[in-house]
Amino acid sequence: MAIKGTVAFAVETCKGCELCIDACPQDSLALSQEINAQGYHYAVLVKDNCTGCVNCALVCPDAVITVYRENRKKEKVPVATISNVRGNVTVTLDDERKNP
Amino acid sequence: MSTSKLMKGNEALAEAAIRAGCNAYFGYPITPQSEILEYLAAEGRHRGMIVLQAESEVASINMVYGAAGAGARVMTSSSSPGISLMQEGISYIAGAELPCLVVNVSRGGPGLGTIQPSQGDYFQAVKGGGHGDYRLLVLAPASVQEMADFVFDAFDLADRYRMPVMILSDGALGQMMEKVSFRDYVPADHIVPKPWATTGKPKTRERNIITSLHIEPEKMEEINIRLQEKYRLIAARETRCEHFHTDDADFLLVAYGLAARIAQGTVEMARSRGIRAGLLRPITLFPWPTDAVRTLASHVKGVLVVEMNAGQMVEDVRLAVGGRVPVRFHGRMGGIIPSPDEVLAVLESMVTNSVPQHEEAY
Amino acid sequence: MERQAIEQDVAGLECVYAKPGTLTDTRLHYCPGCGHGVVHRVLMEVIEELGIQDSTIGVAPVGCSVFAYNYLNIDMQEAAHGRASAVATAVKRILPDRYVFSYQGDGDLAAIGTAETIHTANRGENILVVFINNAIYGMTGGQMAPTTLLGMTTTTSPEGRTVETAGFPLKITEIVATLPGVYYVSRNSVHTPGAVRHLKKAVQKSFQFQKEKKGTCFIEVVSNCPSGWKMTPLEANAWLEEHMFPLYPPGEIKTPK
């Protein structure tokens, strides 16, 4: 079974350059129909087959992407999630959009 | 204080730099000041200084910027054409509010000019030289002793006000030999700390940025206002000049640097012929001793400005005198040093109110 | 709703990549898809991983990356145009135990700064020189650079660069590599994930070599300028592979014996 992964986007920082979309080997990414406060269509995850390969984050010029991946070495121990994250995971999506 | 030694002006300046705790010198050879680089290459390197002959004056002044930004006591030296090359860098150093010492051992110009001494860089030093609204604090030595002493003062002033300071000298002062004794070595705790320097950002502070770029006009104006206030403060506190027989003078000579030594000879000769002449020697060319000259102008019948150029400081004299009394100018160019006799002849013509043919009209 | 989905997805998954803490929160002003952002990120990742944020000083150029000090959370100096390697030389001479790098574009490093670039490298200064080569002057609106390709249209070569008017593209990196004081020269790009990984290795090596006082490390990044080249980022990266790489091929140009 493929490794499970996912990505989170700092939506307000994305400039819609599409480099991540092109870099994704799973074709999991696309531009959203919505625009952010800067006027860019931002990248979003559109499939659930992400493997957490980090390709998208590597090519992103604006460090928009945080990548998560299943750690198969440990047995079903939930990893501390948001608190482990250094940097810019925007989980205040709704708030930012209301108050740009 | 060390014992007296007979030394060349350039070398005395270099020795003073070592004793004043200069950490680094970046420079390029040019006559008539290469001895500064050479002395430091031989002596400074053994006594704790970084001495680097850079690939040009442009590189030199940018190395000075980098070292100053990293918190060092740093200097460079050059002569007129090389100082022209440094103007951009000097403007950056002023804009970034960095301390440093720049020494100009002036030679005749414009252009490649001559290697003989001149005072043709007064405008460049005192009125700007580089682009933008900044000033240098300019010290004008008139002896080998002052070539040495002003180095200590310059570094302290540069640190205190966070600005570039210039020692404006000339080829004759650089090459002549006179007795000089040096102040003691500056102890490390004498030098002000520089918490703004780029030494590596610890967790305990924000990053330090050394820049002169401020794209928002409001911010740029704020910086400029701060610079102008700094210069007003300097004018109030750091103006220096020397009076020679000015108390009872009927005629005032104004001259700086080498020209002041000539003018002093003229004053002595004049006095021996019954002319009550006096000399005001500006030591800081910026800030200029406007008040001293303005005050003296009310007590004299005429002012004679002596320079080794086509007439540069004379404009500042005229501003200070404000039309109260006639201001005459006597200057030689091309590296020729006027003699006390020829200056005396001009003075005497002022006394008798006749105008020799070589005076200019304005 | 999106928010909840991400929180749930993250549960049980380990974070394997995030924005380095050594980048500030300031939004990058670079055009969408510009390589500058990737290089900034890679530099800062390495600095974070090596734990040298408190002992690294960077020197920014004049060019699009003139505001690099707004993004890189380290002590930085802004240099006059072309002079970053002279400024970096002085910083390193004053503070020899710190890591010092200069970061310059093709105009800064190979036009106005050529003398400083060559002489810094010739002295073998123990610094890292990062050279962003996109064959154009981005910040000033797309003029020709020394590295502009023959036939390439820019605002100052509107009919395409010709040898008669402007001479040949300058392969400054190869020139620098001939100097004995230069220890390591690598040419990279950031247009694919693999290329970014190679760049990161080159940067890691360079900081290690600087620690070992080996001499000058010089990393060229063949990069894009979507705005100047008048292409989308994806088009620009394709053009880069097709047209830039033949003249500026990526690889290790000078490696220690």
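Which residue does Ile210(B) stand opposite in E3(C)? I looked this up and found Gln77(C), and I then noted that Ile209(B) stands opposite Met76(C), also in E3(C).

Before going on I recorded that this is a predicted model, in which local features need pLDDT of at least 70 and side-chain atom pairs count only at pLDDT 80 or more, while totals for chains, interfaces and linings use all residues. Residues are numbered from 1 along each chain as its sequence is written, and chains are lettered from A and ligands numbered from 1 in the order in which they are written.

E9(B) and strand E3 (residues 75-78) of chain C pair in the parallel sense over two bridges; strands pair if DSSP finds at least two bridges between them, and helices (H or I, at least four residues) and strands (E, at least two) are DSSP runs numbered from the N terminus. I traced an open sheet of eight strands with mixed pairing, in the order E9(B)-E3(C)-E2(C)-E4(C)-E5(C)-E7(C)-E6(C)-E8(C). Its edge strands, each pairing on one side only, are E9 of chain B and strand E8 (251-254) of chain C. Helix H3 (residues 84-94) of chain C packs on this sheet, touching strands E2, E3, E4 and E5 of chain C, and its direction makes about 175 degrees with that of E4(C); axes are lines fitted to C-alpha atoms, for helices over the stretch in contact, and angles run from 0 to 180 degrees between N-to-C directions.

Entry on the B-C contact. I found 32 residues of chain B in contact with 29 residues of chain C, where contact means that the C-beta atoms, placed from the backbone, lie within 7 Å. Among the elements of chain B that give two or more residues to this side are strand E2 (24-27), helix H5 (87-95) and strand E9 (209-210), but the largest share, seven residues, comes from H3(B). By class, this side of chain B has 15 nonpolar, twelve polar and five charged residues; Ala, Val, Leu, Ile, Met, Phe, Trp, Tyr, Cys and Pro count as nonpolar, Asp, Glu, Lys and Arg as charged, and the others, Gly among them, as polar.

Entry on the domains of chain B. Chain B is divided into domain 1 (5-194 + 224-237) and domain 2 (241-351), with bounds from an automatic or database domain assignment. Their C-alpha centres lie 26 Å apart, and the contact takes 27 residues from domain 1 and 22 residues from domain 2.

Note on methods
Two residues are in contact if their C-beta atoms, placed from the backbone, lie within 7 Å.
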